[in-house]
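User: Please go through this model with me and set each label against the rule behind it.

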Amino acid sequence: MTLNRSCTAALVASLLLPAAHAASLRVTLSHDLATARPSETVTIPWLEVNKAMPGALIQRIAVKDPAGKAVPYQVTNVAPLAKDPQNVGAAYGELIFQHSFKAGEQSVTYTVETIDGVAPVFPVQAYARYVQERLDDFAWENDKLAHRTYGPALMAPAAPGSGKEVLQTSGLDLWFKRVPYPIVDRWYNKGHDHYHHDEGEGMDMYNVGKSRGAGGTGIWDGKTLYTSVNYASWKVLANGPVRAIFELRYDAWDAAGTPVTEVKRFTVDAGHYLDRIDSTFEFKDKATLTAAVGLNKTPTDKGEQPDIDVHRDVTDGVLLQWVKQKTKGEFGTAIILPGATEFTQDTLNHLVLAPVKAGQPLRYYAGGAWNRAGEITSAAQWKAYVADAAKRARSPVKVALQAQP
């Protein structure tokens with residue numbers, strides 16, 4: 001995720017257009033950190049691409065690295081121009097691609113150019129969908145990790161004798177992967193009794209119940225956590241190959257006498273163990289409320305006899321766990337909440353807190369990693385990964401643009 005997942009975040013658009021139309025767009029990326037930054041996501045407003053390359057179409061461009069090699073890219077329709085009546089290729093949202101900075105590499109230049117043929121279809125590494133066939137689940141994944149959360153059908157009462165599962169929670173679930181390819185559709189197809197066992201691709205072994213799971217939210221009044229129930233509606237805004245963006249809306253709930261609604265926007269990037277989440281709460285008659293983001297205190301299956309290490313760092317707003325299990329390996333979960341003020345807990349959750357204003361998004365990052373995936377295999381590695389992600393969030397990559405004749 002880059003932790004400003006929009007590495008794009010600090011877009012410095014110094015677009016210098018010559019009198020004649022340019023044939024390509026030079027994209028210079030820079031940053032101030034000495035450490036490696038794998039899978040930084042770069043976003044460029046398509047309007048700027050169109051200025052430099054009038055008439056360029058999303059299927060007839062190439063994004064090339066410094067060696068001239070074409071890399072995967074994506075063009076979204078998030079906040080696009082509504083129409084393109086002159087057919088000049090202006091009605092898109094953003095151009096997205098990724099670069100992995102090596103340690104000590106602080107600047108690199110890419111080129112966007114038009115091509116005569118049609119660009120290839122790139123493998124999907126970020127994906128989200130509504131799962132109608134499984135009680136209104138909503139699921140998403142990238143090449144590192146998968147997730148799901150729960151919709152209205154799951155909390156509906158079960159008819160007598162139906163055997164239907166009933167669960168009321170807005171907690172977030174984790175599915176731990178061993179493989180980089182998409183598994184959400186495969187696992188739902190093979191069914192509940194199979195994806196709770198590792199059959200070579202990973203497994204669903206994380207416990208949510210009525211907790212916040214791995215990154216669910218609520219409102220804290222100093223003593224009690226007030227939470228929504230299952231999401232009420234969904235909207236997919238972008239769907240790979242590099243980035244997926246979607247929103248979940250939660251109906252009003254009572255937070256100690258204050259009605260609150262929430263919309264969560266998820267930004268899921270290839271190559272990252274943490275997703276970016278922007279939660280926007282709406283409420284009246286109060287200047288601020290205290291939002292809480294949580295991790296389940298008991299995240300394992302029964303019989304696993306977990307040894308759970310909990311780590312907190314108020315400087316970066318980091319709350320993380322490393323969980324050792326009896327038979328199913330070890331895994332980490334984490335939240336990064338910039339602007340966090342303190343930590344607390346209730347019966348079900350460890351919580352990190354921050355003030356929130358009505359209508360203003362609260363940005364945080366949440367996710368996890370499993371040692372059997374083979375990349376992050378210890379508590380020390382997980383803590384280092386999360387600390388580095390927080391550092392990257394504070395120092396986003398800068399993007400400078402220059403049209404080339």
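Analyst: Helices (H or I, at least four residues) and strands (E, at least two) are DSSP runs, numbered from the N terminus, and by that rule the protein comes to five helices and 27 strands. This is a predicted model, in which local features need pLDDT of at least 70 and side-chain atom pairs count only at pLDDT 80 or more, while totals for chains, interfaces and linings use all residues. Residues are numbered from 1 along each chain as its sequence is written, and side-chain values use heavy atoms, with hydrogens and water left out.

User: How do you know that S2 and S8 pair?

Analyst: Two strands pair if DSSP finds at least two bridges between them; strand S2 (residues 24-30) and strand S8 (residues 107-114) are joined by seven and run antiparallel, with Thr28 standing opposite Thr109.

User: Why does the radius of gyration agree with a compact globule?

Analyst: The radius is taken over C-alpha atoms, and the globule rule is 2.2 Å times the number of residues to the power 0.38; for 405 residues this gives a value near 22 Å, and the protein has 22 Å, so the two agree.

User: What share of the residues is called buried?

Analyst: Buried means under 20% relative accessible area, with a 1.4 Å probe and protein chains only, and 52% of the 405 residues in the protein are buried.

Note on methods
Buried < 20%, exposed > 50% of the residue type's maximum accessible area, 1.4 Å probe, protein only.
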